[in-house]
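Please open the structure in a viewer and keep the sequence beside it.

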Amino acid sequence: MNDESTKIVAIDGPAASGKSTVARQVAQELGIVFVSSGEMYRAFTWWVLENDVDPTDKNSVLELLKSTKFICGKSENKSTITIDGKLLTRAEMASEPVNQNVSVIAAIPEVRARLVAEQRAYAEKSGVVMEGRDIGSVVFPDTPLKFYIDASPEVRQQRRAAEGIEDSIANRDKIDSNRKASPLVIPEDAVVVDSSYMTAEEVVGEVLREIRART
Ligand code: CDP
Ligand code: CDP
C-alpha cells in the first residue's frame with residue numbers, strides 16, 4: 001500500500017464541513033486524482049431541471065437517467081463530468097436550484113447505482129481521493145483510509161454563507177442522513193475530524209499524517 005497509484009482515500013461528511021477543500025489538497029499532496037462524487041449527483045440534478053423534469057416524479061427521472069450519457073473524466077487530476085456532450089461548470093453544479101433539489105435526486109437508488117459504478121471506475125485506473133456521503137460506507141468499504149470530516153451546524157452554515165452561496169444545508173443534511181439508500185453515516189473504521197475550530201490546512205495535515213501512519 002505504499003504505492004500512491006493504488007491509494008484510495010475516502011472522505012465523507014455533511015454539507016460545508018470542508019470535505020472538498022481538504023480532499024483536493026490531500027490529492028494534490030499525494031499526486032493522485034481528486035474526485036467530487038457530489039458533483040456527479042449535482043450534474044444529473046442540473047440535467048433533470050434543464051429537461052423540465054419534476055425531481056419528485058421518480059418515473060420521469062428514471063426515464064431520463066436511462067437515456068442520459070455520462071462521461072466521467074479528469075482534467076489536471078480533478079474529476080470532470082460531461083452529460084450528453086455538455087461539460088458541466090462549477091457554477092451550474094453549485095446553483096441554487098441544484099442545491100434545492102439534489103438531495104431528492106440522490107435519494108433514488110437507481111441514480112446512485114449508476115453513479116457509484118462511475119465512481120468505482122476511477123479507482124481502476126489510478127489512486128483517488130474521493131469525497132461524498134457514502135464513499136467509505138458503500139463505494140469503497142474495503143479501503144483502510146477512511147475519514148469523516150465534521151463541523152457544527154452553525155460553523156457549516158457560516159462557511160457556506162461566507163462563500164456567498166444560498167444553500168439550505170440543514171434541509172439537505174436531513175434528507176441525506178435519513179434516506180434509505182446509502183445514507184450519510186460515520187463508517188465504523190473512519191478517522192473522525194471535527195474541523196469546527198481548525199483551518200483547512202490543519203485538517204489536511206491531520207489527514208496526511210494519518211494516511212502516512214497507516215501505509
Ligand atoms: O459540497 P456539499 O457537501 O454541499 O455537497 P456535495 O458533496 O456537492 O453533494 C451534494 C449532494 O449530493 C448531497 O447533499 C447529497 O444529497 C448528494 N451526495 C450523495 O448523496 N452521495 C455522495 N456520495 C455525494 C453527494
Ligand atoms: O465540500 P464541503 O461542502 O464539505 O465543504 P467545502 O466546500 O470544501 O468548504 C466550505 C468552505 O469552508 C470553504 O470556503 C472552505 O475554505 C472553508 N473551510 C474549510 O473548508 N475547512 C476549514 N477547516 C475551515 C474553512
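A cavity, on a 1 Å grid over the protein atoms alone, is a set of points where a 1.4 Å probe fits but cannot get out, whereas a pocket is an open set with protein on both sides within 12 Å along at least five of seven lines; lining residues have an atom within 4 Å of a point. Grid points are joined across faces, edges and corners, and a volume is the space filled by probe spheres set on the points. Rolling a probe the size of a water molecule over the atoms shows where empty space is left.

This is a predicted model, in which local features need pLDDT of at least 70 and side-chain atom pairs count only at pLDDT 80 or more, while totals for chains, interfaces and linings use all residues. Residues are numbered from 1 along each chain as its sequence is written, chains are lettered from A and ligands numbered from 1 in the order in which they are written, and side-chain values use heavy atoms, with hydrogens and water left out.

**First stop: the cavity**

Select S36, E39, M40, S79, T80, I81 and Y122, the residues that line the largest cavity. Two elements, α2 (37-50) and β4 (78-83), each give two or more residues to this lining. Helices (H or I, at least four residues) and strands (E, at least two) are DSSP runs, numbered from the N terminus. How much space lies in the largest cavity? The volume is about 30 Å³, and a search of the whole structure finds one cavity of 30 Å³ or more. Strand β4 supplies the largest share of the lining, three residues. By residue type, the lining divides into three nonpolar, three polar and one charged. Here Ala, Val, Leu, Ile, Met, Phe, Trp, Tyr, Cys and Pro count as nonpolar, Asp, Glu, Lys and Arg as charged, and the others, Gly among them, as polar.

**Second stop: N77**

Next select N77, in the loop between β3 (70-75) and β4. N77 is not a glycine, although its phi is positive, at about 60°.

Now display the largest pocket, which holds about 780 Å³ of space. Its lining consists of 42 residues, and A16, K19, S20, R90 and R160 lie nearest its centre. Among the elements that give two or more residues to this lining are α1, β2 (33-36), α5 (96-106) and α10 (200-214). The lining divides into 13 nonpolar, twelve polar and 17 charged residues.

Zoom in on A16, which lies in the loop between β1 (8-12) and α1 (19-30). A16 has a positive phi of about 60° although it is not a glycine. A16 is buried, at 8% relative accessible area.

**Fourth stop: the two ligands**

Select ligand 2, around which there are 14 residues, with A16, K19, S20, T21 and M198 coming nearest. A residue is near a molecule or strand if one of its heavy atoms lies within 4 Å of it.

Then select ligand 1, which 19 residues surround; K19, R42, R160, R172 and D176 are the closest. An oxygen atom of ligand 1 lies 2.6 Å from a polar side-chain atom of R42. For R172, the distance from a side-chain N or O atom to an oxygen atom of ligand 1 is 2.7 Å. A polar side-chain atom of R133 lies 3.0 Å from an oxygen atom of ligand 1.

R179 lies in the loop between α9 (169-178) and β8 (191-194) and is buried, with a relative accessible area of 8%.

**Last stop: V129**

Finally, select V129 in strand β6. V129 is buried, with a relative accessible area of 0%. Leaving aside neighbours within four places in sequence, its contacts include V9, I11, A23 and F34.

Terms used
Buried < 20%, exposed > 50% of the residue type's maximum accessible area, 1.4 Å probe, protein only. Polar contact = N/O pair within 3.5 Å; in protein donor to acceptor, adjacent residues only side chain to side chain. Contact = heavy atoms within 4.5 Å.
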